[in-house]
Amino acid sequence: MQHIRIFENYSHQTFAGQLQERPEHQKFVEFFHTYKELKMSEEDINKLIKLDRDFDRVRELRKPGYMKEIINLDEERDKFFTALEKGEVYNPVFKHHPHPYNRNHMVKRAQALIKKFQDLDCFLSPYYIEKLEFIVTFGKIKKMNPDSPAYCRAILDLYGGKVNPVLVAEAERILAKNPYQKRKSSSTDISAREMVKIVRDELKNLKYSKWKVVIYDNMIPRMGVKDEYEVKINSDAYFSKADIPGLLAHELAGHVGRRFYGDQTGLFLFRSGLPGKNQFDEGLAIYKSLQVKTSKPNVLFNIALFTVLASRCHEMTFYELFQFGKRYIPHDDKKMFSKVMRIKKICHDTSMLTGDLEEQEYLAGYLLVSKMNDDQRNEILKYNIGPEQFGELDRIKAFLNLNHFGEGRSK
């Protein structure tokens, strides 16, 4: 767990803390001389703002939702369970929307933008370049035959190739300590449309006015947050009163909160998040959901199970992963199907030995965030960074301050 090691070795000494006892004028002089290499000319700032807009346009071309919306999920679930009742093996064949990357030229546009950021003398350029390089790699992978061994290997390599054994061991420890709890029957009579009003009211309370609530079809989760100022609700979802506090804390106080504060900088990079931000994003959202009085059961169980399942996806088909997972959820096959589907959702033929290793980031992120103090958690709420930038946060703050981002700069 490289990111956990980075965090544990980090000594939290911000520049502001080092200057705390000196006069205000002296603080500013030392601040300027220490960080003057971060100051940009007005001409370069204008170039950055333009390139940042271009970055957001390219980032929107990725449209990752297309592969997370399984068009024939109900049909394939029925086939799986029909075969299971007969004692037969069936691996679902998922249909996704066609990828748009040949039409929208995402890869070429990202490659061209990388060159422009390489030519810009800016502290943030490496962060933009890293995110754009990921988009290039992702786009090339999605143009491959999804039933080919090359695709299977490439999609695993996109998120590190495998799950770190240290993280797997921690997941297994959590599963042993927090076994699956079958939820007591509770009334799930709050529809998606009724949930829209609840979410809108909470967004208003939090003063996150830019974010709108939208109902979507074919979503896998019940709720989700997009960078495009959207909170998505699955049109088929129903909610119970017990669900709501944890969901609002997770999706709004966690996910929307980080995007809200990132948006205040005036740079799309901070709204979408710096490289690796997903770990802190998911970790903080999970942490917040566990702080409510009526937190949902199985939160830690779920993120630990996703990690363990992800660690086996390169050697197991859907059916095999389902049977393996039943040791953790022995008496709820529909629930077990949904867990395996989360790992194999990126597959067409789910007998292929691959899966979505990104699912490990929930646990990795939670372990990081749960070790922080409240001040540190507030820092990662207000700065949409990943673990690798945690030790650079003082310089990130200095860059934004010296170049007057977050002071009403227009997008």
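User: How many helices and strands does the chain have?
Analyst: This is a predicted model, in which local features need pLDDT of at least 70, side-chain atom pairs count only at pLDDT 80 or more, and totals for chains, interfaces and linings use all residues. Residues are numbered from 1 along each chain as its sequence is written, and side-chain values use heavy atoms, with hydrogens and water left out. Helices (H or I, at least four residues) and strands (E, at least two) are DSSP runs numbered from the N terminus. Under these terms the chain has 21 helices and five strands.

User: What percentage of the 411 residues is buried?
Analyst: Buried means under 20% relative accessible area, exposed over 50%, and partly exposed in between, with a 1.4 Å probe and protein chains only. Of the 411 residues in the chain, the buried share is 53%.

User: In what order do the strands of the open sheet stand?
Analyst: Strands pair if DSSP finds at least two bridges between them. The sheet has three strands in mixed pairing, and their order is 2-4-3.

User: What is the bridge partner of Lys226 in strand 4?
Analyst: Strand 3 and strand 4 (residues 230-234) run antiparallel and are joined by four bridges. In strand 4, Lys226 has as its partner Glu230.

User: Which helix packs on the sheet?
Analyst: The helix touches strand 3 and strand 4, with contact meaning heavy atoms within 4.5 Å. Its direction makes about 5° with that of strand 3; axes are lines fitted to C-alpha atoms, for helices over the stretch in contact, and angles run from 0 to 180 degrees between N-to-C directions. The helix spans residues 244-263 and is helix 13.

User: At what angle do the axes of helix 11 and helix 16 cross?
Analyst: The axes of helix 11 (residues 165-177) and helix 16 come within 8 Å, crossing at roughly 140°. Residues in the contact include Ala171 and Leu175 of helix 11 and Ala304 and Val308 of helix 16. The crossing angle is roughly 140°.

User: How close do the axes of helix 6 and helix 18 come?
Analyst: Helix 6 (residues 73-85) and helix 18 (residues 333-344) cross at roughly 125°. That makes helix 6 oblique to helix 18. Their contact involves, among them, Phe80 and Phe81 of helix 6 and Phe337 and Met341 of helix 18. The axes come within 12 Å.

User: Which helices do the buried residues of helix 17 pack against?
Analyst: Six of the eight residues of helix 17 (residues 318-325) are buried, so helix 17 is largely enclosed by the rest of the structure. The buried residues are Phe318, Tyr319, Leu321, Phe322, Phe324 and Gly325. They pack against helix 6, helix 16 and helix 18.

Technical notes. Parallel < 35°, antiparallel > 145°, perpendicular 65-115°, else oblique.
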